[in-house]
Amino acid sequence: MQSINVVNIDPNEAVHTTDASLSEARRQLEVCNACRYCESFCSVFPAVNRERTFSEATITQLANLCHNCRGCHYACQYTAPHEFGINIPKVLAEVRQNSWQDNAMPGFMARAFHRSGAALAVAVVIGFALLLWLINQLPQSMNANTGEGFYSQLSHNAMIAIFIPAFLLPVLAIAISVRRYWRSVGGTQLQLSHIKAALASAAKMRNLAGGSGEGCNFEDEDRFSNARRWYHQATMIGFLLCFAATSVGTLMHYLFDMQAPYTLFSLPKMLGVSGGVLLSIGTLGLGVLKLQADRDLADRRVWGGEMGFIILLFLVSTSGLALYVWAASAWLPELLALHLGSVLAFFVLMPFSKMVHGFYRLAALLREQQLQ
C-alpha cells in the first residue's frame, strides 16, 4: 500500500468553514486521497482521487454520489480506534443531508421532517385521511358524489381540485431545490451522452453492487449482500409503475372518455397492482434493513425522517392494494380515505422527505459525467 504522509492531516486542525460536517469531511477525504485503497469500491473514490483540494462544492458533490453502502468503512484500516477516526459513510451522510436541507424550500420544513419524520408522516396521513372521510360524510347535495366506484365516495372534480395542486406545487419546490444544488456544485449545460450514462447508472443502481459486484455491507459488516440493491430497485420500479398507472388512467379518462372503475386486465389496473406489490415489498425490505444497520455509519439526526419516508411509501402502496381487494366491502369509505390521505401526505411532504435523494443523486451522477 502507498505510504501516507500525515503531516497535514490533523483531526484538530482548524479549517476555514462554518460547517463542522464540511470541515470533518474535508479532513477525512484528504486521508482517503492519500491512501487510495478504496479506489474501486464505488464512483465516490475515483472522483476523490481526481482532486488535490476539496472545496465545499466538491465535498457536496461527493456526498451526493455516495450510496452509503458502507463497504469502504469495513475495509478501512484508519477507522476508530485509529487516531484518524475515518468514518466516510457517516460524514458524507451528514453533508448530504445538509445539502438537501439547505436547498429545500422552506428549509424549516425539511429540518422538521428529518428530525421527526416517522411521527410527522403518520400524523399527516391520519389528518388527511380524517379530513377526506369527513368530506365524504357531507350530504349528497354538498359533495356531489354521483360517479361509480371510488367516485361514489369522492367526486372526480373534487379529486382533481385536491390532488393537482398537491402534486404540482411540491414538484415545483423540488425542481427549484435541485436547481440550487446544480448551481452550487458547478453544474453546466448537459449533453445527451451525460444524460444517457447517468440514467443507466441510476437504473442499474450500479454502485449498490459494490466494487466486487457482490453487493455492499449495509446491514452486516461480515458479509456482502445485494438485498439493499434489490429492494431499492423494487421500490423504484414499483413507484414508476404506479405513476404510469395514474398517467395512463388520466389519458384514458380525458382523451378516450374511458372512465374508472377499470377492470383487472385494463392497463391502469395491471400497472397499478404490479407496481403496488413491488413498492410494498421494496419499502418493507428497506425498512427491515435500516432497522438492522449500524446507525453510527449514518446521520443519526435524520433516522426518523428516513423511516418516515419509507413508512409513507409503504402506506401508499399497501393501502392502495387493500383498497383494490376490499373495494366492494363496507369498509370502502375508510379504505379510500386512508389511501388518498396517504397519497396526499406523500405529495405534500415530498420536497422535505428523502424523496429528494433520487433527484439529487441523479444530478450528482450527471455532474460526475461532466467531470470525467
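R36 is partly exposed, with a relative accessibility of 30%, where buried means under 20% relative accessible area, exposed means over 50%, and partly exposed lies in between, for a 1.4 Å probe and protein chains only. The model is predicted, so local features need pLDDT of at least 70 and side-chain atom pairs count only at pLDDT 80 or more, while totals for chains, interfaces and linings use all residues. Residues are numbered from 1 along each chain as its sequence is written, and side-chain values use heavy atoms, with hydrogens and water left out.

R36 sits in the loop between α1 (20-35) and α2; helices here are DSSP runs of H or I with at least four residues, strands are runs of E with at least two, and both are numbered from the N terminus. R36 is not a glycine, yet its phi is positive, at about 65°. N68 is another non-glycine residue with a positive phi, about 55°, and its place is the loop between α3 and α4. N68 counts as buried, at 7% relative accessibility. Most residues other than glycine have a negative phi, and most peptide bonds are trans.

## Cis peptide bonds

The bond from A80 to P81 is cis, with omega near 15°, and P81 belongs to the loop between α4 and α5. M105 and P106 are also joined by a cis peptide bond, with omega about -10°. P106 lies in the loop between α5 and α6 (107-136).

The whole structure contains 4 cavities of 30 Å³ or more. A cavity is a set of points, on a 1 Å grid over the protein atoms alone, where a 1.4 Å probe fits but cannot get out; lining residues have an atom within 4 Å of a point. Grid points are joined across faces, edges and corners, and a volume is the space filled by probe spheres set on the points. The largest cavity holds about 100 Å³ of space.

Its lining has 14 residues, and C42, C66, C69, R70 and C72 are those nearest the centre of the largest cavity. Two or more lining residues come from each of α2 (44-50) and α5 (88-103), and α5 gives the largest share, 3 residues. By type, the lining of the largest cavity has 10 nonpolar, 3 polar and 1 charged residues. In this count Ala, Val, Leu, Ile, Met, Phe, Trp, Tyr, Cys and Pro are nonpolar, Asp, Glu, Lys and Arg are charged, and the others, Gly among them, are polar. C66 is in the loop between α3 (56-65) and α4 (71-75) and is buried, at 8% relative accessible area.

## Salt bridges

A search of the whole structure finds 7 salt bridges, each a side-chain nitrogen of Lys or Arg within 4 Å of a carboxyl oxygen of Asp or Glu. One of them joins R50 and E368, whose closest N and O atoms are 2.9 Å apart. This pair links distant parts of the chain, with R50 in helix α2 and E368 in helix α14 (residues 356-371), 318 residues apart. R50 is partly exposed at 32% relative accessibility, whereas E368 is buried at 4%. R301 and D299 form another salt bridge, at 2.4 Å from N to O. Here R301 is partly exposed at 43% and D299 is buried at 5%.

E306 and K354 also make a salt bridge, with 3.7 Å between the closest N and O atoms. E306 is in helix α12 (residues 303-325) and K354 is in the loop between α13 (332-349) and α14, so this pair ties together parts 48 residues apart in sequence. Relative accessibility is 14% for E306, which counts as buried, and K354 is buried too, at 18%. Through salt bridges with shared partners, K290, E306 and K354 belong to one network.

## Nonpolar surface patch

On the surface, I160, I164, L168, L251, Y254, L255, F256 and M258 make up a nonpolar patch, with about 810 Å² of accessible area together. Patches consist of residues with over 30% relative accessible area and no salt bridge, like charges being joined within 9 Å and nonpolar side chains (Val, Leu, Ile, Met, Phe, Trp, Tyr) within 5 Å. Accessible areas come from the Shrake-Rupley method with a 1.4 Å probe, and for residues only the protein chains shown count as cover. At least two residues of the nonpolar patch come from each of α8 (156-184) and α10 (227-255). Y254 is in helix α10.

Technical notes. 1 Å grid on protein atoms, 1.4 Å probe; cavity = no way out; pocket = protein on both sides within 12 Å on 5 of 7 lines; lining within 4 Å.
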